[in-house]
Protein chains: 2
Amino acid sequence: MEKFTRNQRISAITKILIENPNKIINLNTFTEKFNAAKSTISEDLIAIKDILSRLSMGRVETISGAAGGVRYVCGISEEDRLKFVEELCMILKDRERIIPGNFLYVTDLVLNPYIIQRAGTILASAFNNLNVDYVVTVETKGIPLAYEVAKMLGVQLVVVRRETKVTEGSTVTINYVSGSTNRIQNMSLSKRAIKSGSNCVFIDDFMKAGGTAFGIIDLLKEFDSKLVGIGVLIDNISIEKKLIEEYVSIIEFEGFDPDNNVIVYPSKR
Amino acid sequence: MEKFTRNQRISAITKILIENPNKIINLNTFTEKFNAAKSTISEDLIAIKDILSRLSMGRVETISGAAGGVRYVCGISEEDRLKFVEELCMILKDRERIIPGNFLYVTDLVLNPYIIQRAGTILASAFNNLNVDYVVTVETKGIPLAYEVAKMLGVQLVVVRRETKVTEGSTVTINYVSGSTNRIQNMSLSKRAIKSGSNCVFIDDFMKAGGTAFGIIDLLKEFDSKLVGIGVLIDNISIEKKLIEEYVSIIEFEGFDPDNNVIVYPSKR
């Protein structure tokens, strides 16, 4: 059988851990793959654990017991987080992003893997300890970010639709009031999508008054499930009356000043 | 300044490479981060290159010249690919997935990070050499898969909408004929979304007659850009007359047999 050097095992084990965030991987998987003793693999893991924690690149946790093993929990250093968020503010300040109706064009950003991967890691880090079962979003622009958070938390993504679709089977539809426009809107979700008694995190690209998040709480009640966290990329803080109090955001957007500059800054939390 | 051992550097460099697929990383990034000589980093990279290629876990390429460096190109071993695709066929064969109207419920699968990450790697591997500028999809269910392919190829994702949105600025809208239902439908894309002269890959969850892919070709013409590849998760092969000839798929779906079994198998591609 093939033998591998420590360096080689460490590279391959790092890759497997990183590609399976929050999933417990039994040590046997590694001993078999690399034809190595458990003690050897344990030493490899100590080296990986040590460097990730030293560089604040997430952490590797050991879970003991029969169903035990190791898992990678995502993380980003405070230095990298700040650098990224400031870079994102610079990108958002480009006046070319202002479109008729005083909207900020962000579609390219919420579909940019470089940005979404980093934003997803930041948001997921806030929910790592909440025993999350599902990450929920409403179509369309928040889907990549919500997917990235779901991946980092090692859970299923759920996408709430604006209208019912034949490919969803039986659905639950609720009405909710959009907080910023005061209009009544629908959201619809397949009955198969969420098991009862689940903990869910809601992720979206933009938070205005929080009407959508409020609607999600109502929708989840229909599934006997609850919302345990909310995370958004951009929080529109010019809307003072929020329907939701507790949430995590990455960027605060205050609007446009009289000279048509975009006012954004890193979120305080 | 801090010093790191070879094991530690190898783990951290592996992580950085894996998290930035298809992005060229200059060796200086590593020499500065790890306070090490270029020759030392080069030896680290040789170990990483060697193990990834030995285990068919993708590859590390060296690009010479001033703008040179190294980059990770995604890949999956034939053994892992087959194991995953067969596992996916087993999941799809569950009769509970048949919903009224003879549809197959796949929403949970196209939103499952474990599945989408592997499917995305398989599809991206087919387009690694095509100089792709954008990965394009049509909302909604193909977005996570298309996002994963875009990430693996290191390019921007573009999501075509069914209707125009105020937050997209000026848009281009085209009509196209759905190949399976023969109905006229719309697709709409922000004028800012794609630079002219771009190479695009279209990714979707399901291929029926290929009308949507055909529409994408028309839409891309409006952006003076062209479609260089098509990849889908599931190909409905019961529809014999396809509007599109060349595409890559992962699963072939033939429909339901008289006993209501779901007929699926790994794509021959």
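The points below are grouped by topic.

This is a predicted model, in which local features need pLDDT of at least 70, side-chain atom pairs count only at pLDDT 80 or more, and totals for chains, interfaces and linings use all residues; side-chain values use heavy atoms, with hydrogens and water left out. Residues are numbered from 1 along each chain as its sequence is written, while chains are lettered from A and ligands numbered from 1 in the order in which they are written.

**Annotated regions of chain A**

- UniProt, in an unreviewed entry, lists "domain: Bacterial purine repressor N-terminal" at residues 6-74 of chain A. UniProt positions follow the numbering used here, feature names are shortened, and annotations may be inferred rather than shown by experiment.
- Residues 6-74 of chain A are 55% helix and 14% strand, with the end C-alpha atoms 24 Å apart. Helices (H or I, at least four residues) and strands (E, at least two) are DSSP runs, numbered from the N terminus.
- The UniProt record, again an unreviewed entry, places "domain: Phosphoribosyltransferase" at residues 112-257 of chain A.
- Residues 112-257 of chain A are 24% helix and 36% strand, and the end C-alpha atoms are 27 Å apart.

**Domain 1 against domain 2 in chain A**

- Chain A splits into domain 1 (6-73) and domain 2 (78-266). These bounds come from an automatic or database domain assignment.
- The C-alpha centres of domain 1 and domain 2 of chain A are 32 Å apart. Five residues of domain 1 of chain A and six residues of domain 2 of chain A take part in the contact (heavy atoms within 4.5 Å).
- Domain 1 and domain 2 of chain A bury about 470 Å² between them, 45% of it on carbon and sulfur atoms. Buried area is the accessible area (1.4 Å probe) that two parts lose on being put together, summed over both.
- On the side of domain 1 of chain A, A:P21, A:N22 and A:V73 lose the most area to domain 2, together 67% of what that side buries.
- Zero salt bridges are counted between domain 1 and domain 2 of chain A. A salt bridge is a side-chain nitrogen of Lys or Arg within 4 Å of a carboxyl oxygen of Asp or Glu.

**Chain B against chain A**

- The contact takes 62 residues from chain B and 62 residues from chain A.
- Chain B and chain A bury about 5600 Å² between them, and carbon and sulfur atoms give 57% of that area.
- Two salt bridges are counted between chain B and chain A. B:K151 forms a salt bridge with A:E148, with the closest N and O atoms 3.0 Å apart.
- Elements that give two or more residues to the chain B side include α2 (27-34), α3 (38-54) and α7 (143-153) of chain B. The largest share of that side, 10 residues, comes from α1(B).

**Local details**

- The structure holds 28 salt bridges over all chains.
- A:D218 and A:K221 meet in a salt bridge at 3.7 Å, N to O. The two residues are three apart in helix α8 (residues 211-221) of chain A, so about one helical turn separates A:D218 and A:K221.
- The peptide bond from A:E139 to A:T140 is cis, with omega near 10°. A:T140 lies in the loop between β5 (134-138) and α7 (143-153) of chain A.
- A cis peptide bond also joins B:E139 and B:T140, with omega about 10°.
- B:N131, a residue other than glycine, has a positive phi near 50°. B:N131 sits in the loop between α6 and β5 of chain B.
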